[in-house]
Amino acid sequence: MSVKLKDIAKETGVSISTVSRILSHDTSRKANDQTVAKVFEAAERLGYFSHKLANARYMDYKAGDKTFSVACILTSEHETYVSPFFSALLAGIQQEVINQGANFPHNFFVTYIKDPGFMHFITNTRLDCAIMLGRTTLENIQMLKSLIPNLVYAGVNQIGNNIDEVICDAHAAVMRGVEYLIGLGHRDIGFIGPTQVKHQVFNEHRYHGYLDAMQAHEITVRKDLVVDTILTANDGYESMKTLIRRKTLPSAVFCGNDTVAMGVMKALDEHGIVVPEDISVVGFDNIETGTYLKPALTTIDIPKKELGRLAVKVLLDRLETNRNYSIRLQLPFTLLERESCRRIGS
């Protein structure tokens with residue numbers, strides 16, 4: 001007997017129309033995260049998805065030769081897989097999939113959650129497993145969990161939710177970068193990056209790393225030195241112009257990633273503000289372009305290709321062992337001191 005929407009509504013105590021919107025990924029009337037999680041969990045527990053997808057997913061490789069359908073899903077709504085960070089992650093994933101050769105016969109897909117045909121693809125493709133890349137909402141996470149039996153997240157922000165993770169901890173990395181600036185004598189330290197004021201995502205911890213580092217050293221955070229932005233060069237450029245217009249420049253600024261830092265440095269240059277003599281700049285993720293900026297960008301190196309490579313290994317472990325618990329593999333980051341920061345004070 002198939003599970004109906006009314007069964008899930010009865011189980012969760014929400015209306016049938018709300019259940020329908022959540023399970024069809026209709027965001028025209030957004031439900032809160034707790035309701036979304038409750039509906040997806042109940043649907044999965046009651047077997048709503050199994051009659052539609054499970055047989056198609058599993059019969060192909062239970063019967064004999066195993067050919068897995070694998071997807072890389074970029075879940076960030078503001079960054080695509082052509083960004084330097086995600087390109088490097090994907091390169092690591094694709095190389096490891098190739099390295100596995102005959103041990104891992106597969107069909108391989110790369111898709112983006114904002115593509116117009118994404119929902120059709122995700123509900124009509126027999127995916128055995130997927131690697132999630134990027135920041136997203138709890139609603140998207142629960143939706144993917146309900147449709148794909150084996151998930152791994154690769155990135156810099158912890159995701160939880162009983163999903164395997166291969167991460168390089170953004171919170172700790174940002175704390176290290178801010179503490180480096182404090183060690184150089186800076187106290188008026190700005191932050192340009194995602195603070196979740198305008199764009200709320202579930203897994204984003206950079207700003208909290210900045211706040212915690214400042215608090216640990218008993219330094220007051222000046223809100224006029226913080227600009228919420230998405231992680232693009234143009235938004236970094238516009239954000240720094242916002243700080244310049246406020247006429248209260250910090251002595252140093254931490255940027256949400258190197259792409260933001262590039263935009264920040266362009267805005268400073270256009271206004272005759274010299275790095276690092278007038279202001280120090282630190283980036284995050286260490287894309288190749290940062291080495292060739294003038295001055296070369298001090299940044300936090302994230303082992304992007306290794307994140308991708310090890311995500312494939314964790315995914316294979318889940319497929320081979322069929323374990324019912326999640327694991328987190330955490331890679332180290334490295335502060336790269338270049339030319340964009342200077343010591344101030346005594």
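Let's start with strand S5, residues 164-167. Both of its faces are covered. Asp-164 and Val-166 sit on one side, Glu-165 and Ile-167 on the other, and all four residues are buried. Keep in mind that this is a predicted model.

Why the split into two pairs? In a regular strand the side chains alternate between the two faces of the sheet.

Now the neighbours of S5. Strand S4, residues 150-155, runs parallel to S5, and four bridges join the two. To place that pairing on your screen, find Tyr-153: its bridge partner in S5 is Glu-165. Then there is strand S11, residues 328-330. S11 is also parallel to S5, joined by three bridges. Here, look for Val-166, which stands opposite Leu-329.

Next, helix H8. H8 covers residues 170-183, so 14 residues by the DSSP assignment. From first C-alpha to last, H8 reaches 20 Å. That is close to the 20 Å expected at 1.5 Å a residue.

Look at the two ends. At the start of H8, a side-chain oxygen of Asp-169 comes to within 3.1 Å of the backbone nitrogen of His-171. After the helix comes Gly-185, with a positive phi near 100°.

Which residues of H8 are buried? They are Ala-170, Ala-173, Val-174, Met-175, Gly-177, Val-178, Tyr-180, Leu-181 and Ile-182. A reminder on helix geometry: an α-helix has 3.6 residues a turn, so residues three or four places apart point the same way.

And what do the buried residues of H8 pack against? Among the strands, S6, S8, S9, S10 (299-301) and S12 (334-336). Helix H9, 206-216, is on the list too.

That takes us to S8, residues 252-255. Ala-252 and Phe-254 point one way, Val-253 and Cys-255 the other. Buried or exposed? All of them are buried.

S8 has a parallel partner in S6, residues 189-193, and four bridges join them. Phe-191 has Phe-254 of S8 as its bridge partner. S8 also pairs with S9, residues 280-282, in the parallel sense, over three bridges. In that pairing, Val-253 stands opposite Val-281. How does the chain get from S8 to S9? The path goes through helix H11, residues 258-270, and this β-α-β crossover is right-handed.

To recap. S5 pairs with S4 and with S11. S8 pairs with S6 and with S9. The buried residues of H8 pack against S6, S8 and S9, among other elements. That's my tour.

Notes: Residues are numbered from 1 along each chain as its sequence is written. This is a predicted model: local features need pLDDT of at least 70, side-chain atom pairs count only at pLDDT 80 or more; totals for chains, interfaces and linings use all residues. Side-chain values use heavy atoms; hydrogens and water are left out. Buried means under 20% relative accessible area, exposed over 50%, partly exposed in between (1.4 Å probe, protein chains only). Two strands pair if DSSP finds at least two bridges between them. A crossover is right-handed if, with the strands pointing away from the viewer, the path from the first strand over the helix to the second runs clockwise. The expected span of a helix is 1.5 Å times one less than its number of residues. Contact means heavy atoms within 4.5 Å. A polar contact is a pair of N or O atoms within 3.5 Å; within protein, one must be able to donate a hydrogen and the other to accept it, and residues adjacent in sequence count only if both atoms are side-chain atoms.
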